[in-house]
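The sequence and the model are shown first, and a description follows.

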Amino acid sequence: MIWPEEWADMARRTSAVLPLGRDAPSRFLPWVFALMVYLAVLALTGVLILHSAVERWQRGEVGTLTVQLMPVEGESEAARLALVQNLLGEIEGVLDIRVVSQSESLDLIERWLGAGNVPNDLPLPRLIDIDVAPGSGLTADSLALNLKASLPGVSVDDAKEWLDRLADFGRSLELLALAVVVLIGLAAVATVIFTTRMGISIHRNVIELLHLIGARDGYVAAQFQRQAMMLGLRGGVLGIVFALATLYGLRHVASRLDTPLAPDIPVAHWAWALLAAVPVVTSLIAMITARITALRELAKMP
Amino acid sequence: MGPEVLHDVTFEINPGEFRYLVGPSGAGKTSLLRLMYLAMRPSRGLISMFGSDVMMARRKELVALRRKIGVVFQDYRLLNHLSALDNVALPLRVAGAKEAEIQTHVSELLAWVGLADHIHALPESLSGGQKQRVAIARAVITRPRLLLADEPTGNLDEVLGQRLIRLFEELNKIGTTVVIATHNQNLVARNPHPVLALGSGEIHADDLAGRVG
């Protein structure tokens with residue numbers, strides 16, 4: 001167990017022997033980190049949004065087909081609906097049939113056009129959602145072929161097909177956003193390497209003196225690693241505060257859009273915890289990078 | 001590689017000796033001291049310190065060797081952002097000494113060199129002589145086995161200069177080997193000890209070797 005006075009001893013032994021806080025790299029590093037953490041948090045939020053959207057699309061819509069019944073002049077809509085339900089009931093592989101009400105259809109249209117903007121005489125198709133038994137082989141094309149013989153103006157939409165394409169696109173974007181996060185991490189590492197080398201170059205005389213009075217490389221490297229961690233943390237906190245403010249603003253705007261395109265900004269606790277961990281992880285990366293860089297550079301000294 | 005500053009330099013300093021390293025400016029005194037306090041390694045030749053071959057020693061081994069050596073630099077090399085106390089405490093801190101011991105020992109030593117009232121002063125607020133005393137205190141705080149001093153009395157008045165030579169002599173009596181590089185002939189005459197004379201990068205005279213080159 002380490003007692004408080006031993007902690008104090010340790011702190012004094014390693015504290016601020018190198019005047020790192022006063023040099024140019026130390027002044028500029030927190031701002032760079034703030035920007036990087038800001039961008040990383042936004043990119044990571046993008047990953048989380050896309051991930052949950054892709055999951056939702058794939059989970060909710062598998063095995064469903066939608067029949068669209070366009071209005072035909074001179075024919076009763078109710079009779080056509082009854083006919084299509086009868087026909088569907090006889091087709092093997094159809095598990096469940098649900099007629100979408102006209103008010104639901106109107107609601108779907110209004111999300112795109114805005115409430116009250118749908119003309120009264122706009123011919124709305126009637127929609128019938130069908131659950132298909134897995135492995136039945138029933139496709140949109142085969143179902144349309146079956147129905148068209150008895151019902152002109154009918155079409156069948158396979159939601160899964162375009163949702164799969166959408167999910168593929170979503171996954172590509174997800175990978176792209178992850179690549180951006182990785183690139184930001186690499187940029188942070190490169191920045192720390194650069195500033196540590198610069199710091200060693202600026203304080204070469206003091207470091208040489210420390211060596212001459214018996215300091216180990218680890219003692220000198222500890223000064224750089226602590227400085228990098230503190231600056232990383234300071235910049236990281238600044239970056240995440242701005243990033244969370246941005247996300248809060250976006251969420252507020254999105255909640256007022258009331259459209260299916262509005263982004264679903266993650267609300268799960270683990271997602272927020274993940275975002276909050278970004279500055280901590282960044283400062284740890286900065287600390288480790290500074291230590292490795294310092295030890296490598298110090299090994300080149302006499 | 002630049003011109004060879006030292007060549008055909010062969011000498012031996014035994015434990016417990018007190019030596020002056022004398023010679024005109026440019027004779028190579030500082031370069032020889034830099035080799036001795038392990039700030040650089042020779043381009044060729046052999047240096048053996050405390051039984052270890054410096055040329056062959058690994059970096060980690062150099063740390064142990066350096067902790068046996070105290071150095072008073074000609075330009076003091078104090079850290080301007082640290083107080084006199086923290087400057088003197090540095091060799092103890094890097095060696096992992098307890099803070100309570102550090103405070104006691106450093107305060108006593110600073111009082112001994114006449115800086116009791118300047119313990120918390122930054123080097124910038126000290127005179128040249130005061131800085132030099134802080135540098136000397138830092139060099140001797142760990143009671144090194146070898147003390148190397150480059151013009152240690154250069155900025156001190158005669159009284160204080162004599163007092164510091166007494167400190168070196170006392171350290172020498174309790175076993176510290178002392179080598180003082182100086183061009184102050186009065187200092188050498190007043191406090192006689194064997195001399196190693198350098199000129200043009202060569203040994204010109206070695207009192208203990210009994211030769212004049």
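How many helices and strands does chain A have?

## Basis of the description

Chain A has 9 helices and 4 strands; helices (H or I, at least four residues) and strands (E, at least two) are DSSP runs, numbered from the N terminus. This is a predicted model, in which local features need pLDDT of at least 70 and side-chain atom pairs count only at pLDDT 80 or more, while totals for chains, interfaces and linings use all residues. Residues are numbered from 1 along each chain as its sequence is written, and chains are lettered from A and ligands numbered from 1 in the order in which they are written.

## Confidence

The model scores ipTM 0.88 and pTM 0.75. Confidence in each residue is given by the predictor as pLDDT, from 0 to 100. Chain A has a mean pLDDT of 83, with 90% of its residues at 70 or more. For chain B the mean pLDDT is 87, and 96% of its residues reach 70 or more.

Within chain A, confidence is lowest in helix H1 (residues 4-14), where the mean is 55, and highest in helix H7 (residues 204-212), at 94. Where pLDDT is low, the predicted coordinates should not be read in detail.

## Chain A

Along the sequence, chain A follows the pattern α-α-β-α-β-α-β-α-β-α-α-α-α. Of the 302 residues in chain A, 30% are buried; a residue is buried if 20 or more other C-beta atoms lie within 10 Å of its own, exposed if 12 or fewer, and partly exposed in between, with C-beta atoms placed from the backbone. Two residues are in contact if their C-beta atoms, placed in that way, lie within 7 Å. Among the contacts in chain A with a separation of 6 or more, 87% are between residues 24 or more positions apart.

Domain bounds come from an automatic or database domain assignment. For chain A this assignment gives domain 1 (18-58 + 164-298) and domain 2 (62-163). The centres of domain 1 and domain 2 of chain A, taken over C-alpha atoms, are separated by 50 Å.

## Chain B

Chain B contains 7 helices and 9 strands. Its radius of gyration is 17 Å, close to the 17 Å that the globule rule gives for 213 residues, so chain B is as compact as a globular protein of that length. The radius is taken over C-alpha atoms, and the rule is 2.2 Å times the number of residues to the power 0.38. Along the principal axes, the C-alpha atoms of chain B fill a box of roughly 50 × 40 × 35 Å. In chain B, 38% of the 213 residues count as buried.

The domain assignment of chain B gives domain 1 (1-68 + 144-213) and domain 2 (79-142), and 23 Å separate their centres, taken over C-alpha atoms. The contact between them takes 9 residues from domain 1 of chain B and 8 residues from domain 2 of chain B. Helix H6 (residues 158-173) of chain B supplies the largest share of the domain 1 side, 3 residues.

## Where the chains meet

The contact between the chains takes 20 residues from chain B and 18 residues from chain A. On the side of chain B, helix H2 (59-66) and helix H3 (84-94) each supply at least two residues, and H3(B) gives the most, with 4 residues.

## Nonpolar cores

A nonpolar core is a set of buried Ala, Val, Leu, Ile, Met, Phe, Trp, Tyr and Cys residues joined through C-beta atoms within 7 Å. The largest such core has 102 residues, and those that touch the most other members include A:Val37, A:Val41, B:Leu21 and B:Ala137. Helix H2 (residues 24-61) of chain A provides the largest share of this core, 15 residues. Apart from this core lies another, of 12 residues, among them A:Val67, A:Ile128, A:Leu138 and A:Val154.

Leaving aside neighbours within four places in sequence, B:Ala137 is in contact with B:Val88, B:Leu109, B:Leu110 and B:Val113.

## Two residues with positive phi

B:Leu38 is not a glycine, yet it has a positive phi of about 65°. The residue lies in the loop between helix H1 (29-36) and strand E2 (48-49) of chain B. B:Leu38 counts as buried because it has 20 C-beta neighbours inside 10 Å.

B:Arg143, also not a glycine, has a positive phi of about 50°. The loop that holds B:Arg143 runs between helix H5 (128-140) and strand E5 (146-150) of chain B. With 13 C-beta neighbours inside 10 Å, B:Arg143 counts as partly exposed.
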